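Please open the model in a viewer and keep the sequence panel beside it.

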Amino acid sequence: MTARTFIDAIRETLAGEMRRDPSIIVLGEDVGKKGGVFLATDGLWAEFGDERVIDTPLTESMIVGASIGAAINGLRPVCEIQFADFIFPAFNQIVSEAARMRYRSNNGYSVPMVIRAPYGGGVHGALYHSQSVEAFFTHVPGLKVVVPSTPHDARGLLRSSIRDDDPVLFFEHKKMYRSVRGEVPDTDYTIPLGQAAVTHPGSQVTVIAYGLMAHYALEAADRVADEGISVEVVDVRTLRPLDRETVLESVRKTGKCLIVYEDNKFGGYGAEIAAIVAEEAFDYLDGPVTRIAGPEVPGVPYNHALEDWFMVSPDKIADGIRQLAAY
Amino acid sequence: MTDRTGKQGSLAASVGLYDDDLVQMYRYVALARALDERMWILNRAGRIPFVISGQGHEGAQVGITWPLERHQDWIAPFYRSIATCLTFGMEARDILTAQYATALDPSSGGRQMPGHYGSHEHNIVSVSSPVATQLLHAVGIALAAKIRGTGQVALTTMGEGSSNQGDVHEGLNFAAIHKLPFVFVVENNGYAISVPAARQLAVADVADRAAGYGIPGVIVDGSDVLACYAASREAIERARSGDGPTLIEAKVTRLTAHSSDDQQTKYRSAEELAAERERDPLPLFRSQLEEAGVLTEEIATRLAAEIKLAVDDATDVAEAQVDPDPATAMRFVYAEDDGR
Ligand SMILES: Cc1ncc(C[n+]2csc(CCOP(=O)(O)OP(=O)(O)O)c2C)c(N)n1
Ligand SMILES: [Mg+2]
């Protein structure tokens, strides 16, 4: 076991996987010599060279589209979209092509590839360097969507994503890159996609979260513990496929469900969890299924006062827990 | 592709082929046409709900596909690519089962609309509906070929209207930077559904755009099968030897409406349609081969009988095949247990 930052875990996992499997290539903007704008690919170019670590032009659709072709012809591309906010030029290639290739060819073709993208706010990134884009993709059958929250999970889930035979979107909260540290075993462990984790056991309220919000949920759980409220935190880790069983089991136990996500609330990923809980755990509920999420503005505003107003915080989550516990 | 010891008349020799190659090429043009005509008959008879046709494009498609290596090179085609797919290994039955969307249709098992061909067995990438997305797949295939050192070439085809999509710009730029073994073929038939090329492009020729990527842009008469062959062979050799991509623009004619849902007399005059008939590659290629003494009456008669048999057989097979079972409709969203 060694303590690692979130980004170290990702970088080392990429390197380790590239050593293990020569069919893995990394491509994206500035991923080569510079090692990526966040340094998630630092050192890969020096070790694996131009052929396997490719600095692409500023062409997101090409990054994804050519990765699809490379996957069809025997490689396992791990491509980087520099910021999740800039993934939309590639939306058609992801949704119309990568997601549908296996289905539309009746299993003739598969697209084993990973699309990594830093997402999320709270870093003074404003409207276009802060977005949470997961809901656009979790809607799509054929895609898998992963959002790890710890270095340990990042390593195990990235390995599984790279080794998976279908396209995986791997979203990394950029605020966590250097602020989150944790123990990471040196073994070749994997964490299966579609497995949630109960990160804080409790009995009165279930809080479901992912990414940075999984940390904030733990902080909020600690705060209300002093007030005698016992919170169970579920970190879903993989958004598609969702581990329904772990979510439902927890809600059936506590009878109360609060879902936390950083994206704006309306139509966000948490709406799907709320619907599943309402459909499948209705008889166990002792209160309304509630959500703490971002406000209905089209992006995270820049000024620190505005950004603080936008961001979900441990305080806001704790308030939500108190209200639900008192229901 | 054929026996290298056969007869070689002057026409075949002029393009480095053998007489038998020319006969086979003619056979593919004629087979594609016969299948296509059968599709329209079946459509009018109410047997298949939709047709999208390759009539007028077949000569260019056969000529351009001919120099590629089957089971080695790759093609990312589009919805008019019937002759392309036949030349690259798909069978008449495969084309017609796709029209009927049967359970055994090798392109998609009945999941896609007719015209969306594909075959893993033959290195033909599954056709999509959003136009031009396939260019990037071919570029990626070429990238993998280069990295893996397979010696493969990837070729993609689309219409001139589709060539305006942003993916084309992004892909050509990347393929040119890395000198990928890639060939971009534009089958310019002058229309994107109803919109004439002059309203699709500010330049007369798509090939002019090649200069912007630092690659050769070649214009070829799409009704001249052997000219298309020669242009393609050169582009493929260039690609294979590491000199990078080529853009080939084949000027073709669209002999039918855009699809069975389109009425082209609304936007094309009778005179224009009559004049375009003169550019039909099928009779032009036939006369050329007859004049050269390659296509004798005997061979022509034999081919016609073979083609009729193949089209009838394909129709019977497609008619007889069952619909896909809805119980299978949830399969292959993701990999199943065996990993594929
Ligand atoms: C992205 C996208 N937009 C619109 C369409 C609808 N559409 C299908 S074919 C077509 C015209 C294409 O023209 P061209 O590329 O010249 O090919 P042609 O059909 O003439 O062979 C259009 C508009 C589509 N399939 N995809
Ligand atoms: Mg056209």
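Helices (H or I, at least four residues) and strands (E, at least two) are here DSSP runs, numbered from the N terminus. This is a predicted model, in which local features need pLDDT of at least 70 and side-chain atom pairs count only at pLDDT 80 or more, while totals for chains, interfaces and linings use all residues. Residues are numbered from 1 along each chain as its sequence is written, chains are lettered from A and ligands numbered from 1 in the order in which they are written, and side-chain values use heavy atoms, with hydrogens and water left out.

**Chain A: two backbone features**

Select A:Arg237, which sits in the loop between strand 11 (231-235) and strand 12 of chain A. Its phi is near 65°, a positive value in a residue other than glycine. Most residues other than glycine have a negative phi, and most peptide bonds are trans. A:Arg237 has a relative accessible area of 7% and therefore counts as buried; buried means under 20% relative accessible area, exposed over 50%, and partly exposed in between (1.4 Å probe, protein chains only).

The peptide bond that joins A:Arg240 to A:Pro241 is cis, with omega near 0°.

**Chain A: helix 10**

Select helix 10 of chain A. Which of its residues are buried? They are A:Thr246, A:Val247, A:Leu248, A:Ser250, A:Val251 and A:Thr254. An α-helix has 3.6 residues a turn, so residues three or four places apart point the same way. The cover over the buried residues of helix 10 includes strand 9 (197-200), strand 10 (205-209), strand 11, strand 13 (257-264) and helix 11 (269-280) of chain A. Just after the helix, A:Gly255 adopts a positive phi of about 80°.

**Chain A: two loop residues**

Select A:Ile81, in the loop between strand 4 (76-80) and helix 4 (91-98) of chain A. A:Ile81 is buried because its relative accessible area is 0%. Residues up to four places away in sequence aside, A:Ile81 touches A:Glu60, A:Ile63, A:Val64, A:Phe86, A:Ile87, A:Ile115, A:Arg116, A:Ala117 and A:Pro118; contact means heavy atoms within 4.5 Å.

A:Gln131 is the next selection, in the loop between strand 5 (114-119) and helix 6 (134-138) of chain A. Is A:Gln131 buried or exposed? Its relative accessibility is 17%, so A:Gln131 counts as buried. The side chain of A:Gln131 reaches the backbone oxygen of A:Leu127 at 3.2 Å. This is a polar contact, that is, a pair of N or O atoms within 3.5 Å; within protein, one must be able to donate a hydrogen and the other to accept it, and residues adjacent in sequence count only if both atoms are side-chain atoms. Beyond four places in sequence, A:Gln131 touches A:Ala84, A:Asp85, A:Phe88, A:Tyr119 and A:Gly120.

**Chain B: ligand 1**

Turn to ligand 1, which 17 residues surround (a heavy atom within 4 Å). The closest are B:Tyr79, B:Arg80, B:Ser162, B:Asn189 and B:Tyr191. An oxygen atom of ligand 1 lies 2.7 Å from an N or O atom in the side chain of B:Arg80. A nitrogen atom of ligand 1 is 3.2 Å from a backbone N or O atom of B:Val131, and an oxygen atom of the ligand is 2.9 Å from a polar backbone atom of B:Gly161. Taken alone, ligand 1 exposes 580 Å², of which the protein buries 72% (Shrake-Rupley method, 1.4 Å probe).

From B:Arg80, step to B:His258: their side chains make a polar contact at 2.9 Å. B:His258 occupies the loop between strand 7 (246-251) and helix 9 (270-277) of chain B, and its relative accessible area of 14% makes it buried.

**Chain B: the magnesium ion**

Finally, select the magnesium ion (ligand 2). Which protein donors does it have? They are B:Glu160 (OE), B:Glu160 (OE), B:Asn189 (OD1) and B:Tyr191 (O), at 2.0 to 2.6 Å; donors are N, O and S atoms within 2.8 Å of the metal (3.2 Å for Na, K and Ca), and water is not among the atoms, so sites may look incomplete. The donor residues are spaced E-x28-N-x1-Y in sequence. Both B:Asn189 and B:Tyr191 are buried.
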